[in-house]
Amino acid sequence: MDAKSIKGMGTALITPFKEDDSVDYAKLRELVELQITAGADFIVAIGTTAESPALTTEEQDEIIRTIKEVNKGRIPLVVGVCGNGTNKVIHRILTMDKEGVDALLCVCPYYNKPTQEGLYRHFKALSEASPLPIILYNIPARAGVNMLPETTLRIARECPNIIGIKEASGIVGQIDMIIKQREPNFIVLSGDDTITYPLIAMGADGVISVIGNAFPQAFSTMVRLARRGDITSALPIHHSFKELYPLLFVDGNPSGIKMAMKHLGMLNGHLRLPLVPMTDENSAKMAAVLSDITGK
């Protein structure tokens, strides 16, 4: 599958857990099939929303295998390979099972707070080592460092194996600069559901979405309409989620989306420590907002 087809709405898939804290692979199969039949354009596994820091390598491998088995190549699969040591990330890339994986999502190294030159050298090294295309992941709130647009554009120019970026800085002017000055075919994906609509109107290629876990059909429709230039039809869908967007993150991600899915009867909402469920107060607010959205 052509990695350049990674556009539109990709869902950052949650990891369902049983009450005993084990991964619920049967539920995972259901959720993958739901994404595909509801219209998601691609799936992102083992990302932030998947609680990847709380998963063992063996669990990550089994989750990837399960998703591939259900997907059967119907839509592109992007897999997160995260770490803050360049050599460790390269080792994971080289030793993981890459069959059926279309691209990798690699986050800016967190905690050690590299300089812009350090970010450039990190991703250049990943690009040179990886047999698969790479999508950058800029998320300053978690990584502790913001990859500036000049660095992103430099990487795009000099590393042909890096095909795009998930931009979750929330800095619209920064993302707009990347969109305007990017290399041909360099993909720009929103990392924030809240501003996906305006970013696509500005030329972004899609989103790696959290809300898509709970509303894959509606949100993928909004993205598809906006990408076609029908922003008038897309706007009411965007506005329908206005009150839900902040609630998804008020107590952290994926605490919010898992609570939303629990209210919708999609899963039990269990999280692994150190993450904990939403507060009762915010959960009640979310239940009311979801009732307004669904009419139930």
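Contact here means that heavy atoms lie within 4.5 Å of one another. Leaving aside neighbours within four places in sequence, Lys166 is in contact with Leu105, Ile135, Leu136, Tyr137, Asn138, Leu189, Ser190, Gly191 and Ile208. The structure is a predicted model, in which local features need pLDDT of at least 70 and side-chain atom pairs count only at pLDDT 80 or more, while totals for chains, interfaces and linings use all residues. Residues are numbered from 1 along each chain as its sequence is written, and side-chain values use heavy atoms, with hydrogens and water left out.

Lys166 belongs to strand 6 (residues 162–167); helices (H or I, at least four residues) and strands (E, at least two) are DSSP runs, numbered from the N terminus. Lys166 counts as buried because its relative accessible area is 7%, where buried means under 20%, exposed over 50%, and partly exposed in between (1.4 Å probe, protein chains only). An unreviewed UniProt entry lists Lys166 together with Tyr137 under "active site"; UniProt positions are given in the numbering used here, feature names are shortened, and annotations may be inferred rather than shown by experiment. The two are spread over 30 residues of sequence, yet they cluster in space, with a largest C-alpha distance of 4.7 Å. From this set, Tyr137 takes part in the lining of the largest pocket. On a 1 Å grid over the protein atoms alone, a pocket is an open set of points with protein on both sides within 12 Å along at least five of seven lines, and lining residues have an atom within 4 Å of a point.

Tyr137 itself sits in strand 5 (residues 134–138) and is buried, because its relative accessibility is 4%. Not counting residues up to four places away in sequence, Tyr137 touches Thr48, Leu105, Cys106, Val107, Cys108, Lys166 and Ala168. With Thr48, the side chain of Tyr137 also forms a polar contact of 3.1 Å. A polar contact is a pair of N or O atoms within 3.5 Å; within protein, one must be able to donate a hydrogen and the other to accept it, and residues adjacent in sequence count only if both atoms are side-chain atoms.

Under "binding site", the unreviewed UniProt entry lists Thr49 and Ile208. These residues are spread over 160 residues of sequence but cluster in space, the largest C-alpha distance being 10.3 Å. Both Thr49 and Ile208 are included in the lining of the second largest pocket. Thr49 lies in the loop between strand 2 and helix 2 and is buried, since its relative accessible area is 3%. Beyond its sequence neighbours within four places, Thr49 has contacts that include Ala12, Val210, Asn213 and Ile257. Ile208 is placed in strand 8 (residues 206–209) and, because its relative accessibility is 2%, counts as buried.

Gly191 lies in the loop between strand 7 (187–190) and helix 8 (196–201), and its C-alpha atom is 5.4 Å from that of Lys166, although 25 residues separate them along the chain. Because its relative accessibility is 23%, Gly191 counts as partly exposed.

Another loop residue, Asn146, is found between helix 5 (140–143) and helix 6 (149–158). Asn146 is buried, because its relative accessible area is 19%. Its side chain makes a polar contact of 2.9 Å with the side chain of Asn138 and one of 2.9 Å with that of Gln174.

Helix 1 has 14 residues and reaches 20 Å from its first C-alpha to its last, close to the 20 Å expected at 1.5 Å a residue, the expected span being 1.5 Å times one less than the number of residues. At its start, a side-chain oxygen of Asp24 comes to within 3.4 Å of the backbone nitrogen of Ala26. Helix 1 is followed by Gly39, which has a positive phi near 110°. The buried residues of helix 1 include Lys27, Leu28 and Leu31, and among the elements covering its buried residues are strand 1 (8–12) and helix 12 (255–263). Lys27 is buried because its relative accessible area is 18%. A polar atom of the Lys27 side chain lies 3.1 Å from the backbone oxygen of Met266.

How values were computed
On a 1 Å grid over the protein atoms alone, a cavity is a set of points where a 1.4 Å probe fits but cannot get out, and a pocket is an open set with protein on both sides within 12 Å along at least five of seven lines; lining residues have an atom within 4 Å of a point.
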